[in-house]
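Subject: Structure handover

Hello,

My findings follow below it.

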Amino acid sequence: MRTALHSEHNHVPGATRVTPGTAIAVRDLWFAYRDAAPILRGVTFDAYAGEVTMILGESGGGKTTLLRILKGLVTPLRGEVEILGNPLKRGRMGRLDPRVAYIPQQLGLIRSQSVLTNVLTGALARTGTLRSLFGLMPAGHTREAEAILRTLGIGEKAALPVQTLSGGERQRVAIARSLMQHPTVILADEFVSQLDVVTSREIMTLARSVADQGVALVMTTHELDLAREFADRVIVLRDGAVAVDSPAREVDEAALVRAIRG
């Protein structure tokens, strides 16, 4: 049974309510590194607002690259990506879409800086270049960050350096930072791969609660049991192509294993 942070009448701070429907549309996406063989071959799928979409597949199968493409950090050989009905903004062509939050596998936190400072970096797109350079964050942003940290259960850790936190606490900081972007899409790479079973489920429950507010959460994972428990939709990449694209309730673990291994 899913456990939300709030009742349906409350709202996770930072989570942007969006109209139900397609948040990400990927069509015939191809990618290769230099002269190597393509690692993504004609990938096509949709991810929906208010849902958790989990992407599974063997290591080196292109899952991380796919998320980086969806953020606009990597340019595909060909194919189309739309975010909320608009063509994807790519890093080389202009400013990345701040509505798309990206949590890399190593989280991308500044370990020597405080929890609050890390969370506030999620608001840089709303702060302005000059203010950001001098660390002049609006008081409202600080209050918002503190509220998010309290909601995620680590409000008392705000002043501590990230390097003093446990793995699960760092994951919460990464979620808080992404929520400061007011995202409509969150991309998370191997989000709970280094956590113990109990902590993994705690973090996934938090992530599930954010999705329940209307955010589209797309994450890669090797954890088949988590996919069955928390995902709305599962996608399996095998040999660079989509081998499974199905509602999670309609595919069992054995079928997923067969699809991943071929």
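What volume does the largest cavity have? About 60 Å³. Bear in mind that this is a predicted model. Searching the whole structure turned up one cavity of 30 Å³ or more.

**The cavity**

Eight names to select in your viewer: I103, I175, S178, I186, F191, A207, V210 and L217 line the largest cavity. Two elements, helix 6 and helix 7, each give two or more residues to that lining. By class, the lining residues are seven nonpolar and one polar, with no charged residue.

**The helix pair**

Helix 6 covers residues 167-179, and helix 7 covers residues 197-212. The two pack at an angle of about 15 degrees. Their axes lie 10 Å apart. Angles under 35 degrees count as roughly parallel, so helix 6 is roughly parallel to helix 7. The crossing of these two helices is right-handed.

Which residues make the contact? From helix 6 come G168, Q171, R172, I175 and L179. Helix 7 supplies T199, E202, I203, L206 and V210. Sorted by class, this contact holds five nonpolar, three polar and two charged residues.

The largest pocket has a volume of about 400 Å³. It is lined by 23 residues, and K71, P98, V100, T121 and Q181 are the closest to its centre. Strand 6 (100-103), helix 3 (124-127) and helix 6 each give two or more residues to this lining. Which of the elements gives the most? Strand 6 does, with four residues. The lining of the largest pocket splits into 13 nonpolar, five polar and five charged residues.

The second largest pocket comes to about 240 Å³. Its lining has 15 residues, of which Q105, Q106, L107, R170 and Q194 are the closest to the centre. The classes here are six nonpolar, six polar and three charged.

**Where to start**

Helix 6 links these findings. It packs against helix 7. It gives two or more residues to the lining of the largest cavity. It also gives two or more to the lining of the largest pocket.

Best regards

Definitions and conventions:
Residues are numbered from 1 along each chain as its sequence is written. This is a predicted model: local features need pLDDT of at least 70, side-chain atom pairs count only at pLDDT 80 or more; totals for chains, interfaces and linings use all residues. Side-chain values use heavy atoms; hydrogens and water are left out. Axes are lines fitted to C-alpha atoms, for helices over the stretch in contact, and angles run from 0 to 180 degrees between N-to-C directions. Angles under 35 degrees count as roughly parallel, over 145 as roughly antiparallel, 65 to 115 as roughly perpendicular and the rest as oblique. A crossing is left-handed if the near helix is turned anticlockwise from the far one by less than a right angle, and right-handed if clockwise. Contact means heavy atoms within 4.5 Å. Ala, Val, Leu, Ile, Met, Phe, Trp, Tyr, Cys and Pro count as nonpolar, Asp, Glu, Lys and Arg as charged, and the others, Gly among them, as polar. On a 1 Å grid over the protein atoms alone, a cavity is a set of points where a 1.4 Å probe fits but cannot get out, and a pocket is an open set with protein on both sides within 12 Å along at least five of seven lines; lining residues have an atom within 4 Å of a point. Grid points are joined across faces, edges and corners, and a volume is the space filled by probe spheres set on the points.
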